[in-house]
Structures are given as C-alpha cells and as structure tokens.
Amino acid sequence: MLSFLFPFFLSYFLPPFLVRKLIAAEQAKITQLEQKKVAAMVPTTAATNSATVAALELQRKELEKQAKSGTSVSNLTAAYQSKKAEYERSLYGVDLCFILDCSGSMTSWIEVTKEKIVEITEGVKRIPAKNQPYLRVAFVGYRDHDNGNQRIEFYDFFDVNEPGAISRFQSYLSGVRPIGNSDTPEDLAGGMNHALTGIKWSASTKLVVHFGDSPCHGKKYHPYGDNHPKGCSCPDGDAPEKIIEKLVAKGVDYYFGEINSTTSKMCGIFANHMTSCNRGDKFKVLAMSDNVDKFLPEVIKSVSRSMQMSGQFT
Ligand SMILES: [Zn+2]
C-alpha cells in the first residue's frame with residue numbers, strides 16, 4: 001500500500017511525466033499480482049476442458065467440411081448440438097456402478113438398491129457442484145461358480161434423467177433373485193471383472209460401490225471352507241486386488257460396503273495392495289454393519305467424495 005501511495009507523495013516534487021511513469025509501474029505490478037491470483041484459482045480441470053474444446057473444434061471443422069459438400073445445415077447443427085451435449089455429459093458426468101453379491105443372504109441389499117435409486121438421484125443433484133452432474137447408474141450382480149448362467153447378471157449404464165429409465169431399472173432389479181450355493185466364499189472376482197470389462201464407463205467421475213457379506217475365493221482371504229482354495233478360475237484369472245488396481249487405472253474409485261466381519265481379512269489385503277501401488281485413497285471400506293439404513297447416506301457420501309477427488313466439482 002505504501003509503495004502504491006509513494007508516487008502521489010512524490011508528485012509534489014517531481015515533474016508530472018515522471019509521476020505518471022511511476023504510477024504506471026505500480027499499476028503494472030498490481031495487474032501482475034491479480035493475474036497470479038486468477039491463475040491460482042483455475043481448477044485442475046483446465047487441461048480436461050481445453051482438451052474437450054479442442055475436440056469440439058475438430059468436430060466443428062469436420063461439420064463445416066460436410067456442409068460444403070452439400071449436407072443440410074440443419075442436420076449438421078443438430079448433430080453438432082448432440083455431440084456437444086454428449087461431451088458435456090461426459091465432462092460433468094458421474095458413472096456409479098453398484099456391484100452386489102446376489103447370493104442367499106443379500107435380499108435386503110438388493111431391495112434397498114431398488115428402493116433408494118430415486119433418492120440417490122435426488123441426493124446427487126443436491127451435492128454442491130459448479131455444474132449439475134449427469135448421473136448414470138449400472139448394476140453388476142454376482143453369485144458363484146455352481147450357479148451356472150446365473151453366476152453374473154448385469155445392467156449397463158443408463159442416464160437416470162431419461163424418461164422411464166429408473167422404473168425400467170427397478171423392474172429389472174425386481175427380477176434379480178438371491179440364490180444360495182454350496183460354500184461361504186462367492187465369485188467376487190467374476191463380478192469385479194465384469195465391472196471392469198463388461199460395462200461402458202465414460203464419465204469424468206467414476207465409482208464402484210460394492211456390497212457383499214462373503215469373501216472372495218482363495219484361502220489367503222478368509223478362514224472358511226472354500227471350493228476354490230487357490231482363488232477361482234474366472235476368465236481372466238486375476239486376483240481381485242489386481243482387478244481393483246485395473247479399475248482404478250481406468251479412473252474408478254472403489255468403495256466396499258462391509259456388511260460383516262467375514263470380509264475383513266479380504267478388505268485388509270485389498271487396502272494393502274492399493275497402498276503398495278500408491279493408490280490407497282482409491283479404495284475405501286464403508287462400515288455398513290448389516291444396516292440397510294446406512295445405504296443411502298453412504299452412497300451419497302461416496303459419490304460426493306469421488307466428485308471432489310476427480311476435481312470436476314467444487
Ligand atoms: Zn470366479
């Protein structure tokens with residue numbers, strides 16, 4: 001402040017041109033500081049945004065080329081608008097995939113997923129964000145190897161705002177039946193692998209919320225009887241913690257809703273593995289203690305946390 005006033009003070013003694021010069025120099029300093037301040041406030045998404053703008057610009061050029069070749073301009077405008085909307089949906093999008101153990105004891109968890117989907121949609125809208133998030137939801141249910149073609153069931157990502165989409169998803173979930181099998185562990189690896197390879201992730205914020213009351217196959221994860229003591233022979237053969245690592249490499253945050261202590265040892269192995277890859281923040285255990293009332297708040301908290309971590313939202 002003092003240095004800013006200094007030129008005015010001097011103006012009693014100095015010729016006017018010199019005073020103007022000094023004031024100009026002070027103002028330049030202030031402008032520089034202002035610019036630094038603005039630069040510090042630019043969010044980490046600047047790179048993503050500029051990549052998207054560049055992609056849109058390419059798209060516009062392509063459409064211009066097509067326009068010159070005689071295609072109707074209104075068609076092109078519509079195509080451009082829909083492309084732009086698609087980019088925005090992915091830029092401000094949230095892909096939420098539920099992975100659920102669908103074996104015998106999971107009835108109430110399948111039911112709560114179906115019941116709370118509307119409230120999840122409303123809850124996500126209320127998360128403070130710079131841009132209204134576009135929420136898409138997917139579902140992967142798994143059982144075990146002796147359940148044949150009912151081992152994996154899934155519903156790929158859908159836009160919750162599309163008319164009728166939520167009720168279609170709810171009637172699908174009404175048909176997902178809990179079915180028991182012969183040992184305590186379940187084919188978690190199969191379910192996780194399906195979330196990795198069998199559904200179409202596209203948004204900037206991606207998360208899996210996984211609920212299960214039994215561990216994966218493999219004696220190192222639990223002390224129970226296991227038909228696949230060395231781990232199960234799922235198509236890819238990867239250990240579950242490796243599948244989490246691959247999902248995280250795709251930009252997915254992994255939340256495991258722990259229903260009881262049978263999965264504690266397994267969760268410890270998953271967490272240690274992710275810490276050893278320096279991605280410890282990407283795997284989080286939610287303590288559900290078999291209380292379905294925790295479902296909605298824990299899901300909303302997880303979405304909110306992932307939105308913050310992806311840097312898309314304030
Ligand atoms: Zn398996």
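What you have is a predicted model, in which local features need pLDDT of at least 70 and side-chain atom pairs count only at pLDDT 80 or more, while totals for chains, interfaces and linings use all residues. Residues are numbered from 1 along each chain as its sequence is written.

Let's start with the inventory. The chain has 10 helices and 6 strands; helices (H or I, at least four residues) and strands (E, at least two) are DSSP runs, numbered from the N terminus. Of its 314 residues, 32% count as buried. Buried means that 20 or more other C-beta atoms lie within 10 Å of the residue's own; exposed means 12 or fewer, partly exposed is in between, and the C-beta atoms are placed from the backbone. Among the contacts with a separation of 6 or more, 77% come from residues 24 or more positions apart. Two residues are in contact if their C-beta atoms, placed from the backbone, lie within 7 Å.

Now for the sheet. Its 6 strands line up in the order β3-β2-β1-β4-β5-β6, forming an open sheet with mixed pairing. Two strands pair if DSSP finds at least two bridges between them. β3 (152–159) and β6 (283–287) each have a single partner strand, so one side of each is left without a neighbour in the sheet. From one strand to the next, the twist averages 15 degrees. Look also at β1 (residues 93–101) and β4 (residues 205–212), which run parallel and are joined by 7 bridges. Leu-100, for one, has Phe-211 in β4 as its bridge partner.

Next, the helices that lie on the strands. Helix α6 (residues 165–174) lies across β2 (134–142) and β3, at about 170 degrees to β3. Angles run from 0 to 180 degrees between N-to-C directions, and axes are lines fitted to C-alpha atoms, for helices over the stretch in contact. Helix α8 lies across β4, β5 (252–258) and β6, and runs at about 140 degrees to β5.

How buried is α7? The buried residues of α7 include Leu-188, Met-192, His-194 and Leu-196, and they pack against β1, β2, β3, β4 and α8.

That brings us back to α8, where Pro-240, Glu-241, Ile-243, Ile-244, Glu-245 and Leu-247 are buried. These buried residues pack against α7 (188–197), β4, β5, α9 and β6. Just after α8, Gly-251 takes a positive phi of about 100 degrees.

Helix α8 (residues 240–249) packs on helix α9 (residues 264–276) at an angle of about 45 degrees, with the axes 9 Å apart. The two helices are therefore oblique to each other; angles under 35 degrees count as roughly parallel, over 145 as roughly antiparallel, 65 to 115 as roughly perpendicular and the rest as oblique. Pro-240, Glu-241, Ile-244 and Glu-245 of α8 meet Ile-269, Phe-270, His-273 and Met-274 of α9.
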